[in-house]
Structure formats: C-alpha cells, structure tokens
Amino acid sequence: MAGHSKWANIQHRKGRQDAKRSKMFSKLSKEITVAAKMGAADPDFNPRLRLAIQAAKAQSMPKDNIDRAIKKSTADESNFEEIRYEGFGPAGVGIIVEALTDNRNRAASDIRATFSKNGGNMGETGSVSFMFDLVGYIEYPADKGSEDEMLEAAIEAGAEDVQSSDETHEIYCAFDQLAEVSSTLEEKFGEAASVKPMWRPQNTIDVDGDKAATLIKLIDALEDNDDVQNVYANFEISDEEMEKLAS
C-alpha cells in the first residue's frame with residue numbers, strides 16, 4: 001500500500017487526478033446513493049452514509065452533488081451488489097478489488113479480462129484477503145500539524161497507528177471506529193484529505209523495472225472500470241522508481 005499511496009501522490013502532483021475527477025465523483029456518488037438506499041437518508045442515523053459523505057467532502061465534491069446522490073436513492077430502481085474480487089499482479093503482488101455493480105456477470109468478466117491483459121490473474125475469494133487487514137484510514141496533508149501533534153491527537157481519538165511523511169499524515173484505526181476517530185480529528189484539524197475503510201497489507205513486496213510499470217498499468221486499468229470502487233495492493237516501489245514511472 002505504501003507504493004500505491006506514493007503513486008497516487010505523484011499523480012496528484014502532476015495534475016493527473018484532474019482528468020479522473022469526473023470518474024471519481026461518479027464512484028463517490030454511487031456509494032452515497034447505495035448507502036442511503038440501504039439505510040436511512042439521514043447521515044446521523046446511517047454510519048455508512050456518514051462515511052460516504054465524509055469521503056466525498058474530502059475530495060471536494062460540491063454539496064449539490066452530494067444532495068443529488070442522496071435524493072437519487074429514492075428514485076433509482078437499480079440494485080447494486082457489493083462484490084470483492086481478489087487476484088495477483090506481476091511479482092506475485094496481491095490485489096483486492098471492491099466493486100459496486102448492477103451486473104455481476106459484466107463486472108466479473110471485465111475485471112478478469114483486465115487482470116489477464118496486464119500481467120495478472122484473478123484468484124478465488126480469500127486467496128489474497130488473508131494477507132490484508134480491514135481497517136479505517138484517515139489522511140491529512142503534512143502541513144495540518146507536526147508529526148508529534150498528529151500522533152498525539154490521533155492516539156487520543158482512538159487511532160492505532162500514524163505514519164507521517166513530508167507529504168501526508170496517514171492514520172489507521174479499527175474499522176468500526178472510523179467515523180468516531182475521523183470526527184474527533186476533524187474538530188481539531190478540519191476535514192481530512194481522505195476518510196475510508198481500507199484493506200491494509202500485513203507485508204509488502206518490493207517491485208521495480210518492467211514489473212513495476214506493468215503493475216501500475218494493471219492498477220490504473222482496474223481503477224478506470226466504472227464498476228470498481230477501490231483497489232488495494234501489497235507492493236512497495238522506491239521513490240526513484242516511482243518518479244521514473246510517472247515521467
């Protein structure tokens with residue numbers, strides 16, 4: 001995941017996220033609509049919806065878009081299924097793909113084809129997830145506070161781990177405490193850059209050269225699929241290699 005996070009940061013610095021903003025908003029809107037449909041349309045009584053709205057705000061989604069997504073839950077007759085796919089990429093990297101789809105067969109076919117075309121293969125359910133832990137993830141820009149300030153506040157809020165770098169503070173907590181921990185930190189530091197459940201790898205695999213390039217291509221292709229909400233992988237790529245890939 002460290003490699004995956006660095007790749008996202010490099011993309012952001014180079015402005016590549018702008019081209020994906022519309023697709024990202026579409027995925028966030030879908031999650032809000034499904035969350036509202038599955039529970040109450042009031043986030044105060046629906047933890048999943050509350051997290052979905054927090055995630056949307058963290059990506060600067062306009063309030064009108066969020067309100068439209070909630071209202072759509074009462075008019076949209078689509079039935080979305082949550083499906084987790086697991087597979088392997090180059091160098092044996094484990095990959096978890098979370099999909100939210102109204103067509104299970106289409107999603108499975110497309111995701112399997114994406115793995116195959118980009119040096120990977122889809123595995124059985126459970127073949128990869130045992131190497132990950134489902135946790136809560138909160139991210140703040142580094143300038144929101146010093147490493148010590150963020151660590152102290154996060155631990156007081158109930159977080160389990162904080163990893164700070166020159167660019168970000170990454171905070172991890174128990175999955176079922178994500179809403180509580182993120183709300184507490186928001187009172188002190190404002191809205192986070194990211195708030196979401198995450199599959200966190202227990203160990204990572206070092207990848208470089210051609211395998212790194214193919215792996216990034218695979219992850220980008222999976223994330224570009226309209227049915228895919230999130231992609232997680234247990235790889236590590238050096239900063240030098242990342243910069244090379246991003247150039």
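**Exercise 1.** Find Thr-101 and work out which residue's backbone nitrogen lies 2.9 Å from a polar atom of its side chain.

*Solution.* Start with that pair: the backbone nitrogen belongs to Asn-103, and it sits 2.9 Å from a polar atom of the Thr-101 side chain. Before going on, note that this is a predicted model, where local features need pLDDT of at least 70, side-chain atom pairs count only at pLDDT 80 or more, and totals for chains, interfaces and linings use all residues. Residues are numbered from 1 along each chain as its sequence is written, and side-chain values use heavy atoms, with hydrogens and water left out.

**Exercise 2.** Is Thr-101 buried or exposed?

*Solution.* Its relative accessible area is 0%, so Thr-101 is buried (buried is under 20%, exposed over 50%, partly exposed in between, with a 1.4 Å probe and protein chains only). Leaving aside neighbours within four places in sequence, its contacts include Phe-80, Ile-83 and Asp-227 (contact means heavy atoms within 4.5 Å).

**Exercise 3.** Describe how helix 6 and helix 7 cross.

*Solution.* First get the geometry: the axes of helix 6 (residues 147–157) and helix 7 (residues 178–189) come within 9 Å and cross at roughly 140° (axes are lines fitted to C-alpha atoms over the stretch in contact, and angles run from 0 to 180 degrees between N-to-C directions). That angle makes helix 6 oblique to helix 7 (under 35 degrees is roughly parallel, over 145 roughly antiparallel, 65 to 115 roughly perpendicular, and the rest oblique). Finally, pick out who meets whom: residues of helix 6, including Met-150 and Ala-153, meet residues of helix 7, including Val-181 and Leu-185.

**Exercise 4.** Where is Glu-160, and which residues does Glu-160 touch?

*Solution.* Glu-160 is in the loop between helix 6 and strand 5 (161–164). With 57% relative accessibility, Glu-160 counts as exposed. Not counting residues up to four places away in sequence, Glu-160 touches Tyr-172, Cys-173 and Ala-174. Glu-160 and Ala-174 are 14 residues apart in sequence, with their C-alphas 7.2 Å apart in space.

How values were computed:
Polar contact = N/O pair within 3.5 Å; in protein donor to acceptor, adjacent residues only side chain to side chain. Helix = DSSP H or I, 4+ residues; strand = E, 2+ residues; numbered from the N terminus.
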